[in-house]
Amino acid sequence: MGYPASHANTIAVGASTDFDFRADYSQFGSALDFVSPSGGGRTGIYTTDRTGTNGYVSGDYEPDFSGTSSATPMAAGVAALMLAANPNLNAATVRSLMRSTSDQIGGVTYTSGFNTYYGYGRLNANAAVTAAAAA
């Protein structure tokens, strides 16, 4: 992973599938913090679409939103929920709580809680917000 994901103040988010494996298109490496749900399995991520003829599809929802383009805003949304639960958290604490409450997935070994392909695991929104409220 290169800059900006490797910057010390950046949370580097990879993508996981609904099978709880790293998506094959996702970045990996020593700078990865965790993976977050995305497409790549049986089901995709739905998002709102621009309305009318300027949209990507004919309806108001895009059913195939995937990649780190969907994983990253999901992680940002979890961080926002954490800050809503506890507005006194600083950025380093949010990152630390997101890492420590991630679920270890993929059937791989995590050394000191870390794996090169999954970071600290798959982001767990409920655990992260619960930990933020208690911090």
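Trainee: Which residue in strand 2 stands opposite G14?

Mentor: Happy to! It is V35 that stands opposite G14. Before we go on, a word on the model: it is predicted, so local features need pLDDT of at least 70 and side-chain atom pairs count only at pLDDT 80 or more, while totals for chains, interfaces and linings use all residues. Residues are numbered from 1 along each chain as its sequence is written, and side-chain values use heavy atoms, with hydrogens and water left out.

Let us start with the strands. Strand 1 covers residues 13-16 and strand 2 covers residues 34-37; the two run parallel and are joined by four bridges. Strands here are DSSP runs (E, at least two residues), helices are runs of H or I with at least four residues, and both are numbered from the N terminus. Two strands pair if DSSP finds at least two bridges between them. In a regular strand the side chains alternate between the two faces of the sheet. In strand 1, V13 and A15 point one way, G14 and S16 point the other way, and all of them are buried. Buried means under 20% relative accessible area, exposed means over 50%, and partly exposed is in between, using a 1.4 Å probe and protein chains only.

Now meet a residue that links several of these places. R122 sits in the loop between helix 2 (91-100) and helix 3 (125-134). With residues up to four places away in sequence left out, R122 touches S16, D20, V35, P37, S102, D103 and I105. Contact means heavy atoms within 4.5 Å. R122 has a relative accessible area of 16%, so it counts as buried.

D20, one of the partners of R122, lies in the loop between strand 1 and strand 2. D20 is not a glycine, yet its phi is positive, at about 60 degrees. Its relative accessible area of 25% makes D20 partly exposed. D20 also touches G106, whose contacts include F21 and Y118 too, leaving aside neighbours within four places in sequence. G106 is in the loop between helix 2 and helix 3, and is buried because its relative accessibility is 16%.

The loop between helix 2 and helix 3 also holds S112. S112 has a positive phi near 55 degrees, again in a residue other than glycine.

Finally, follow the chain into helix 3. C-alpha to C-alpha, G106 and A128 are 20 Å apart in space and 22 residues apart in sequence. Helix 1 (residues 68-85) and helix 3 pack at an angle of about 25 degrees, and their axes are 8 Å apart. Axes are lines fitted to C-alpha atoms, for helices over the stretch in contact, and angles run from 0 to 180 degrees between N-to-C directions. Angles under 35 degrees count as roughly parallel, over 145 as roughly antiparallel, 65 to 115 as roughly perpendicular, and the rest as oblique. Helix 1 and helix 3 are therefore roughly parallel to each other.
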